[in-house]
Amino acid sequence: MKSYPDNRLRPADALVVLVVLAMAAAIALWQFSARTQSDALTVVVEIDAAEVDRFPIESLETHTYTNNGVTLMLAPYVGGASTVSSQESELTRGVCVAESDCPTLDCVRTGVITRAGQSIVCLPGRIVVTLEGAQQDFDAIAG
Amino acid sequence: MLASLALALSYVEGFFPPLLLLPLPGAKWGLANIVTVYALYTLGAPSALSIVLVRCTLGALFAGNASALLFSLLGGLCALAAMTLLKKCRIFSLYGVSVGGAAAHNCGQVLAAMLTLGSFAPLAYLPLLLVVSVFTGALTAFVSTLLFRALAHAE
């Protein structure tokens, strides 16, 4: 005779939920603090874990990448104000995947990324587009 | 037989709004875990383990995608490990165990993504996935309790 578990919530369950949410918050915080907003952003494209392309975010060309049967088109994004009359410093620059023929289209759905540390991931194509900021990290400062 | 049921559930849940309410990669209902939970509570961890292994292997085979195996396996095994541990503690109900399993499943899949892509980028998806896993875990537990109740009545 099998014994089935009783189906009522127990106080300890809240503990599981809290731990999971705390983990989520911790990871989100760690990710957020690692990012800096900088004008001198570089777009880094990695395919199959190897870097294949790198260009400044100011580049207005679209780049197309194909891997593992998937083709995606990376397009620049310029926003924030009318591009004709605005100062360069008012513009927000980013990249997004404009088109892709991968099965899940998560890359397209991610939308525009504009800050250092953010990335767009295409899992089927094994393509990762990351924004790198100017080198600001120092391990140690002597003197 | 339970493995084929798990496979069928994985297939069916694909028909529901594919990526839940959020366009999150890797977010899914996790209905196949109902079978894992059932096996864990009625047959024990070793049997649940074999079911998970069979389900992951065959699932990857049917999907025609060998790399899906790593994701499926890491997710499923992490979930089973977490659930077995939580169940052993005896202070958690099915809900706690299930939420823990869902969270572990997502962690395993993000880990698989990081290994495949050689990048920390997938980690950005984990916070939201974890929040979602609280709900999907609770849902799986709820359906499982209905199942257990129905089975108890039938005996």
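Trainee: How many bridges pair S4(A) with strand S5 of chain A, and in what sense?
Mentor: Eight bridges, in the antiparallel sense, with S5(A) covering residues 92-100. Keep in mind that this is a predicted model.

Trainee: What's between S3(A) and S4(A)?
Mentor: Two residues, and the strands form a hairpin around them. Look at Asn68(A) in the turn: its phi is positive, about 55 degrees.

Trainee: How many bridges hold S6(A) to S7(A)?
Mentor: Four, with S7 spanning residues 127-132 and the two strands running antiparallel. One pairing to look at is Ser119(A), whose bridge partner in S7(A) is Thr130(A).

Trainee: Where does Gly111(A) lie?
Mentor: In the loop between helix H2 (106-110) and S6 of chain A.

Trainee: Which residues is Gly111(A) in contact with, leaving aside its neighbours within four places in sequence?
Mentor: Val95(A), Cys96(A), Val97(A) and Ile120(A). Take Val97(A): 14 residues separate it from Gly111(A) in sequence, and the C-alpha to C-alpha distance is 7.0 Å.

Trainee: Switching to chain B. At what angle do H2(B) and H6(B) pack?
Mentor: About 50 degrees, with the axes 9 Å apart; H2 is residues 32-42 and H6 is residues 126-154 of chain B. The two helices are therefore oblique to each other. H2(B) passes H6(B) in a right-handed crossing.

Trainee: Which residues make that contact between H2(B) and H6(B)?
Mentor: On the H2(B) side, Asn33(B), Ile34(B), Val37(B), Tyr38(B), Tyr41(B) and Thr42(B). From H6(B) come Thr140(B), Val143(B), Ser144(B), Leu147(B), Phe148(B) and Leu151(B). By class, the contact of H2(B) with H6(B) has eight nonpolar residues, four polar and no charged ones.

Trainee: How many aromatic pairs does the structure hold over all chains?
Mentor: Two. One of them is Tyr38(B) with Phe148(B): the ring centres are 5.9 Å apart and the planes are at 25 degrees, so the pair is stacked.

Trainee: Which parts of the chain does the pair of Tyr38(B) and Phe148(B) link?
Mentor: Distant ones: Tyr38(B) is in helix H2 of chain B and Phe148(B) is in helix H6 of chain B, 110 residues apart.

Trainee: OK, and how do H2(B) and H4(B) cross?
Mentor: At roughly 40 degrees, and their axes come within 11 Å; H4 is residues 67-89 of chain B. That angle makes H2(B) oblique to H4(B). The crossing of H2(B) past H4(B) is right-handed.

Trainee: Which residues in H2(B) and H4(B) meet?
Mentor: Asn33(B), Thr36(B), Val37(B), Leu40(B) and Tyr41(B) of H2(B) meet Leu80(B), Met83(B), Thr84(B) and Lys87(B) of H4(B). The residues of this contact divide into five nonpolar, three polar and one charged.

Trainee: Last one: why are H4(B) and H5(B) called roughly antiparallel?
Mentor: They pack at an angle of about 150 degrees, and angles over 145 count as roughly antiparallel, so that is the label for H4(B) and H5(B). H5 is residues 94-117 of chain B, and the axes of the two helices are 7 Å apart. Their crossing is right-handed. By class, the contact of H4(B) with H5(B) has 14 nonpolar, 11 polar and one charged residues.

Definitions and conventions: Residues numbered from 1 in each chain as written. Chains lettered and ligands numbered in written order. Predicted model: local features only at pLDDT ≥ 70, side-chain atom pairs only at ≥ 80, totals over all residues. Heavy atoms only, no water. Axes fitted to C-alpha atoms, helices over the stretch in contact; angles between N-to-C directions. Parallel < 35°, antiparallel > 145°, perpendicular 65-115°, else oblique. Left-handed = near helix turned anticlockwise from the far one by under 90°. Contact = heavy atoms within 4.5 Å. Nonpolar A, V, L, I, M, F, W, Y, C, P; charged D, E, K, R; others polar. Pairing = 2+ DSSP bridges. Phe/Tyr/Trp six-rings, centres within 6.5 Å; stacked < 30°, edge-to-face > 60°.
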